[in-house]
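Colleague: I have not looked at this one before. Can you walk me through it?

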Amino acid sequence: GLSRLSQNVLLAGSDKALFRSTNLGTTWDSVAALILSRRAIVLSDGRILLKTYQGIYFSDDNGVSWQPTSAPTNIGGYFTVNSTSTVFTADYYKGIFRSTDRGYSWTESEVGIVNSTVKNVFAIGENVLCYADVTYRTTDKGFNWEKTSVPPRSSLYFFHYAKTSGDTVFAISSSFYRSADAGATWLRLGTASVPGIINSLA
């Protein structure tokens, strides 16, 4: 994986170590014996969170040094952060975890989710959406989750989400969906003009 931490700083992972560049990739230095599993995320205060096969790590010095968090090891999926600075991450086998202290400690966040094989998690303002055969939404920082109106069990493995402005958010599976109320309700849109299988949304 490759992540851009700031204007000139890049972070890259191999199957043996984590590397850092401060000159846009011209030279690289090994910074930790960590095996990167997903891209890093930079929080608003500059803290960097990183998923590795050894667990979730954080850095407060722009990637020079790394410290472990309380998260379980080998969590897949990506990070998302809502407008209250609560960080969420999801794993297909282990479910959803959330952190309210900048990623240092993590707790499970699955109350209301029937199927814990969570495939995606996505923040829109204070609310957060996740896909676990249907789309769920939390409006209370992940304490509770409720099903939304998106039909269950898409023909594709993932739902992909993308935010536009305000409370409008789009999702795709085998069809396009649009929500104007931060994911509470959804309208199915036509896909006849889009050839082939839809597998990404940006």
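Modeller: Start with a polar contact (a pair of N or O atoms within 3.5 Å; within protein, one must be able to donate a hydrogen and the other to accept it, and residues adjacent in sequence count only if both atoms are side-chain atoms). A polar atom of the arginine 47 side chain lies 3.3 Å from the backbone oxygen of arginine 102. This is a predicted model, in which local features need pLDDT of at least 70 and side-chain atom pairs count only at pLDDT 80 or more, while totals for chains, interfaces and linings use all residues. Residues are numbered from 1 along each chain as its sequence is written, and side-chain values use heavy atoms, with hydrogens and water left out.

Colleague: Where does arginine 47 lie?

Modeller: Arginine 47 is in the loop between strand 5 (41–42) and strand 6 (48–52). Strands here are DSSP runs (E, at least two residues), as helices are (H or I, at least four), numbered from the N terminus.

Colleague: Is arginine 47 buried or exposed?

Modeller: Arginine 47 is buried, at a relative accessible area of 6%. Buried means under 20% relative accessible area, exposed over 50%, and partly exposed in between (1.4 Å probe, protein chains only).

Colleague: What is arginine 47 in contact with?

Modeller: Leaving aside neighbours within four places in sequence, the contacts of arginine 47 (heavy atoms within 4.5 Å) are Ile41, Val42, Phe58, Ser59, Asp60, Asp101, Arg102 and Tyr104.

Colleague: How many salt bridges does the structure hold?

Modeller: Three. A salt bridge is a side-chain nitrogen of Lys or Arg within 4 Å of a carboxyl oxygen of Asp or Glu. One of them joins aspartate 45 to arginine 102, with the closest N and O atoms 2.3 Å apart. Aspartate 45 is in the loop between strand 5 and strand 6 and arginine 102 in the loop between strand 11 and strand 12, so the pair ties together parts 57 residues apart in sequence.

Colleague: And which residue does aspartate 60 form a salt bridge with at 2.8 Å?

Modeller: Arginine 47; that value is the separation of the closest N and O atoms. The pair links distant parts of the chain, 13 residues apart: aspartate 60 is in the loop between strand 7 (55–59) and strand 8, and arginine 47 in the loop between strand 5 and strand 6. Aspartate 60 also meets arginine 102 in a salt bridge, at 3.6 Å from N to O. That pair spans 42 residues, from the loop between strand 7 and strand 8 to the loop between strand 11 and strand 12.

Colleague: Changing topic. Which strands form the open sheet?

Modeller: Four strands form it, in the order 9-10-11-12, with antiparallel pairing. Strand 9 (79–81) and strand 12 (107–108) are at the edges with a single partner strand each, so one side of each has no neighbour in the sheet. Two strands pair if DSSP finds at least two bridges between them. Strand 10 (residues 87–91) and strand 11 (residues 95–99) have five. Phenylalanine 88 has arginine 98 in strand 11 as its bridge partner.

Colleague: How many aromatic pairs are there?

Modeller: Three. Among them, phenylalanine 79 and tryptophan 106 are tilted, 6.3 Å centre to centre with 35 degrees between the planes. Rings of Phe, Tyr and Trp (its six-membered ring) pair if their centres lie within 6.5 Å; planes under 30 degrees apart count as stacked, over 60 as edge-to-face and the rest as tilted. Both phenylalanine 79 and tryptophan 106 are buried. The rings of phenylalanine 88 and tryptophan 145 have centres 6.2 Å apart and planes at 85 degrees, so that pair is edge-to-face. Both phenylalanine 88 and tryptophan 145 are buried.

Colleague: And valine 128, where does it lie?

Modeller: Valine 128 is in strand 14 (residues 127–131). Valine 128 is buried, at 0% relative accessibility. Beyond four places in sequence, its contacts include Phe88 and Trp145.

Colleague: Where does pLDDT stay under 50?

Modeller: Over residues 192–200. pLDDT is the predictor's confidence in each residue, from 0 to 100. The chain averages 81, and 82% of the residues score at least 70. Where pLDDT is low, the predicted coordinates should not be read in detail.
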